[in-house]
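Hi,

Here is the structure I promised to pass on.

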Amino acid sequence: MTSAALNVNSASPSGPGNHFRLGEWKIGTLLTVCFATIVVLMVLGDIITLSQFNRVEQRASRFYQADQKSLAIMHVYLDVVTFRETLTSLAQDQNPGEFTSQATSLRDNFLKDVALAQQSLSSAQEASQDPTILNRVETVRSALPPQVDTMLELVKAGDWQAVRFRLAGQVPPLIGLSSSLVADVEKQVGEERAQALEGIQRAQRQLYVVLPLTGVVILIMAAMLGWYATHRISGPLAQLDAAAQALARGEFEYKVAVDGRDELADLGRAFNYAAEQLHKLYDVIKRSEAYLSEAQRLSHTGSFGWQVASGSVYWSAETFRIFEVEPEAQLHLDAVMQRVHPEDRWNVRQIIDSAAREKKDFDLEHRLLMPGGLVKHVRAVGHPSFKNESASLEFVGVITDITERKRAENALQRSQFYIKEGQRVARMGSWAYDPGGFFEYWSEELFQIYGLDPHKGAPTLEQYLAVIHPQDRESMAEVIKAMLLERCGCDVKKRILRSDGELRYIRCVGIPVVEADALKGFLGTAIDVTEQEQLEQERERLRQLEAELAHTNRVSMLGEMAASLAHELKQPLAAAITSANSCIEWLAHEPPNLERARAAAARIDKYGNRAAEIIDHIRSLYRKSPSQREPVNVNEIVHEIFPLLQSEASRYSIAMRLELADGLPRIEADRVQLQQVFMNLMLNAIEAMQDTGGELAVTSRLQEGQPLFAVSDTGMGLPEGIADQIFSAFFTTKPQGSGMGLAISRSIVESHGGRLWATANDGRGATFYFTLPAHPL
Amino acid sequence: MPHTDDESSGNTSRPELRESLQNAGRRCFLGGLASFLFAAGQACRKAAPPTAAVTLVLIDQTWLDYTFRDRRNLELERFTRETGIQVKLLPAPEGAVETLEVWRNLLESGAQIPDVYAVDVIWPGVLAENLLDLRPFVPQSEIASHFPELIANNTVDGKLAALPCVIDVGLLFYRTDLLAKYGYRAPPRTWDELEQMAERIQAGERARSRKDFWGFVWEGALSESVTCNALEWQASEGGGMIVENNLVTVNNPQAARALARAARWVGSISPPGVVAYKEWDAYNIWQAGQAAFMRNWATSHFGELFQGAIPRDQFDIAALPRGRARNASTVGGRAYAVSRHSLYPRESTMLVRFLCRPDIQLARIRKIGGSPTIPELYNDPGMLAANPYFSTILKTYQNDKVWRPSAQTGKLYPALSRAYYRAVHEILEDKKPASGVLSGLEVELMQITGMKAAAPGAGRGFQGKSAGLRAVPRCNSGPDGIPDKPDVIPGGI
């Protein structure tokens, strides 16, 4: 087909140069002649085959003849041998009658066999046969009877002696001659056999060559004839076919070149005429179809026809494109259904079947699954056509590729979903506000936050303000007014009072939308910050509670130390009094020793300051001030606290020892709180040793870049198994303890980012450690 | 001989086959379908006969004689060596009558083989018309070197039908030891002496419990042998030569007397079976030491004699005893002829000339006896020295020879001889009165030959040497005796 089409295509430019080579004969005549020739050739082949077989048979018969010869001459030889042996034995018996009859019968037998031998030898007279063999046979034939005659004569004369001599002397040469004949004939026959065999083999070989060759030659000739006949028919037919295909493709200019006078030439002419007519008709149709096709292509819409009864489906080009099917003359609905997405197939089938049953329109969207896995969305609209009501119901309609549309829809849906979910999770709603004074848009989550019904649509401004907490309502109204007035955004936190009575904190952020200097409106978000707000308030309250607690702790500590503090104060005061006395004296000295008096006065000042200092410290502990963080040298704090506790310690015979490392970094901390921590820990230690006495050591060192402080005692140690419970609030082992000291200390340390813990000492007592993160200065 | 033939045929046929196949193949591929089939057919056909060396076929009489056969094989090998021509030897039946029948069948049927025939001295007239004239092939000087009477005998209507190669004669074999034993110093000179000596010795030996011992054995079988023997008896008594000067000479008292005497021997000094004896039978008895005397051919048994049972110093040969008229010894002998139908006349003639050549004859006679056909050779001292019996043979031939009438009667001779030996056999076997039988024979022979009978007693004037007979024109008329020859034994060369 293809090659024929190519031939035509390549030949068509040359026009009439491409012609049928049909000669003078009609095709019928030509075929008859061809078949007759083939039959003749086959008969010829049969004749050749038969002659070859005949040849082989002849060879075989020669083979057989050769055997006959050999056998015949062997008989003769045996006759002669038997002749001699039988007669020799009889000659011993000297029985003339027996001898005569035996000799005669042996001779007759011999003559018969010789005749047979001569016959078989002469019947197959071969060119290769030793010519003397027949002569020798004849000699044997003519030699034996006279021997018999002679012997019979001798027997008749009773001369057995002569008979025996003759049998011994004159018969053996005959045997020799016979045996030489046997040998020669055997050799001869062997050659003949070999020749016959070779002949047979040669004939067979020829058979093997001749038969296949004959067969091949006949086949080739038959094939050539067949080819010629076929060519003469198929050539023009191929051109007609090519022309028909060209016609089908719409190449109406294509003409079958017509040459000759046979049937095919007539067909060619008729074809050309038909093509011409079709061409005209086709041009008209083509033009209108082109428009339609273009329209379909642009709209991604193809048309179809569906004959319900037969299931045949007719498609426009665009439909084929949508289905991505090679344009094909015949389509069946089942084939079309294969393209339908498997998940939609059943559904589609239901719809169109029911449409066919009820002869109603159908309009459905479904998916197509392309071979590459691509999924297309199409919309199929069909309308029953009742051209001929009776038999065949036919649907006509269009198929539109709506994949792009579907994809856009899906994308939008997805993004909307994301937004919605995101808003829900973040408890955030979005809104748009029209400058005209109403909400254009409220997101769904926004409705949820405000506890409004989404189905009623975005609230009016009045409705909105009504939800707002009365205390914030006015300010919010002010904000909205300002926004409109100043075209500015907003970021306000307000409370709302939902219809269910729930109070919520809402942070509302909005920005103006300005297009070409004209305010188009506002859009923004509203975030439900109720939880954060509540958390913040809770935290503040806790802080205050802690501060109160710490203050109470400090006061109670100072109360506990009141005696010690009094003693502490008393010392500088006493010293100051002493110095004052000295000063007075030195002034009262004659001459007043001013120098000494000045010195004493200086000392008074010093001691006074010292006392004031102590009081300041105590005051600071009493003060209930907000937390103030500043860089502090912790060693200094220890030095400040130390004197306050010295007298308390000595009261219980407790030695105090300081081992403070130099060069500790300053720490951002609240001085009073740290003082409280040290005091708590040191008082705790003193209490632990108040019955026994011991040593209280405060050490500081730098560990892994962090200052580490330790307060250790040699007291009763930590209660077994509950080492960590000691930091719990209201835990105490002391009868007078509030149980708050260690808990507050830990809270303070942790609020500074540090850690507080306790370990039992190896020997006696316990050590409390805490770290404070170094503050980078 | 056979193996050389095989080689030549093998050498030629194989390349030829190859060539024909090649031809077939070539044509097969060159031509179309038709020519292919033709070529295939050609290839199947047997190639034409080879054109290489010529192989001649010789048919001879004496194949039963091993000595003779070996000798001749040597000669043929020499011939092949000299000429490159191969020769195959065919055998022949024992008796002359049977042999002649074979020869005639072959020649008259136009057989292309054999090429060369051994021809008995009595046959040229019978076979001549199918034999080639040798004169164009044989130089005249060579022809002339043979005894003229032999050439004459072999010339039929001016055509030299055969070239002679051996002369044979009838002889008396006798046991020197037995003769000495019974007090005889010499062999018998007459038939009567022979009869007496045989009788005595036979009686003496039988007395020594040799019951099968006989005095005299000869060839009495119903065959040409009888003609030869009877001619000797008849001629020695002066009874004529059967046919003499175109007259039938059988019916005369001398002949009757001679035949009657022979008939008397049968059963007395000769075994009763002697009437069935051919040459071989007589010889068998003789060789077994069971006879004191034997009549046989000069060429017959020399081979056997040399290797036979009887030691050489216990026997000797002599001329046949004389009758009242003379010593008579039938001439035998053989010549070689070329078939008119031979495909190779030139090569065949070469073989004939070779077999008859003086040096070949000489070499042959030195080994196995017989007499040369070339007078020249009788002067060769070496030959006489080589064969101790030769002088006797030569003398017998020269002095006593009688010819059977084959030259005169030509083709009629076989019938004539048959009638003659049948008649004689009747006398010998059935003891019929000789005179009666002979008169009947005379009539029969006259009918066969168309000749007249000689006047009774005419036979006596014979005496003339047989050479004289030669002048008589042969064909149907001329009587002349050529001895029948026994088949096997009297092998020529």
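Below is what turned up, starting with confidence and moving on to the rings and cysteines.

First, the ground rules. This is a predicted model, where local features need pLDDT of at least 70 and side-chain atom pairs count only at pLDDT 80 or more, while totals for chains, interfaces and linings use all residues. Residues are numbered from 1 along each chain as its sequence is written, chains are lettered from A and ligands numbered from 1 in the order in which they are written, and side-chain values use heavy atoms, with hydrogens and water left out.

The model scores ipTM 0.71 and pTM 0.49. Helices here are DSSP runs of H or I with at least four residues, strands are runs of E with at least two, and both are numbered from the N terminus.

A contact means heavy atoms within 4.5 Å. Where pLDDT is low, the predicted coordinates should not be read in detail.

Chain A has 20 helices and 18 strands. Of its 777 residues, 41% are buried; that means under 20% relative accessible area, with exposed over 50% and partly exposed in between (1.4 Å probe, protein chains only). Among contacts in chain A with a separation of 6 or more, 62% are between residues 24 or more positions apart.

Now the rings. There are 31 aromatic pairs over all chains, counting rings of Phe, Tyr and Trp (its six-membered ring) with centres within 6.5 Å; planes under 30 degrees apart are stacked, over 60 edge-to-face and the rest tilted. One of them joins F173(B) and W286(B) edge-to-face, at 6.3 Å centre to centre and 70 degrees between the planes. That pair links strand β6 (residues 163-175) of chain B to helix α12 (residues 279-287) of chain B, across 113 residues, and both F173(B) and W286(B) are buried. W233(B) and W265(B) are also edge-to-face, at 5.8 Å and 85 degrees. W233(B) sits in helix α10 (residues 224-236) of chain B and W265(B) in helix α11 (residues 253-265) of chain B, 32 residues apart; both are buried.

Over in chain A, W431(A), Y433(A), F439(A), W442(A), F447(A), Y450(A) and Y464(A) form one aromatic cluster.

Beyond four places in sequence, F216(B) touches several residues, including L172(B), W191(B), W265(B), P271(B) and R295(B). R295(B) in turn has its charged end over the ring of W297(B), 4.4 Å from its centre; the test is NZ of Lys or CZ of Arg within 6 Å of the ring centre and within 35 degrees of the ring normal.

Last, the cysteines. A search of the whole structure finds 0 disulfides over all chains, a disulfide being a pair of cysteine sulfur atoms within 2.5 Å. For C490(A), the nearest cysteine sulfur is that of C508(A), 4.5 Å away. C490(A) counts as buried because its relative accessibility is 9%.

Cheers
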